[in-house]
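Student: Could you take me through one part of this protein closely, along with what surrounds it?

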Amino acid sequence: MGISTWQLIILLVVIVLIFGTKKLRNLGSDLGSAINGFKKNLNADQEAPTAQNTQAPQAEKISEEKVATQQTTTQQEQTKQ
């Protein structure tokens, strides 16, 4: 009931005759490049949230240091007056 091996071979021969081996090779190459690009972007998207989570504490630390520096500067100015 399904497709037999001989039918697949005949179908493959007809496709090669219609499109030619060069176009089929280019099509396969383009399809492979598209799949690799998709996988790279998918992995980059999965890694991006972890990178953002590690940067957030650093930003908080820097802002805390700025506040501490500003407080120290303000205290020094008050003692001078």
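Tutor: Let's begin with a term: buried means under 20% relative accessible area, exposed over 50%, and partly exposed in between, with a 1.4 Å probe and protein chains only. L11 has a relative accessible area of 49%, so L11 counts as partly exposed. This is a predicted model, where local features need pLDDT of at least 70, side-chain atom pairs count only at pLDDT 80 or more, and totals for chains, interfaces and linings use all residues. Residues are numbered from 1 along each chain as its sequence is written, and side-chain values use heavy atoms, leaving out hydrogens and water.

L11 sits in helix α1, residues 5-19; helices here are DSSP runs of H or I with at least four residues, and strands are E runs of at least two, numbered from the N terminus. The 15 residues of α1 reach 21 Å from first C-alpha to last, close to the 21 Å expected at 1.5 Å a residue (1.5 Å times one less than the number of residues). After α1 comes G20, with a positive phi near 90 degrees.

Stepping back, the protein has 2 helices and 0 strands, and buried residues make up 0% of its 81 residues.
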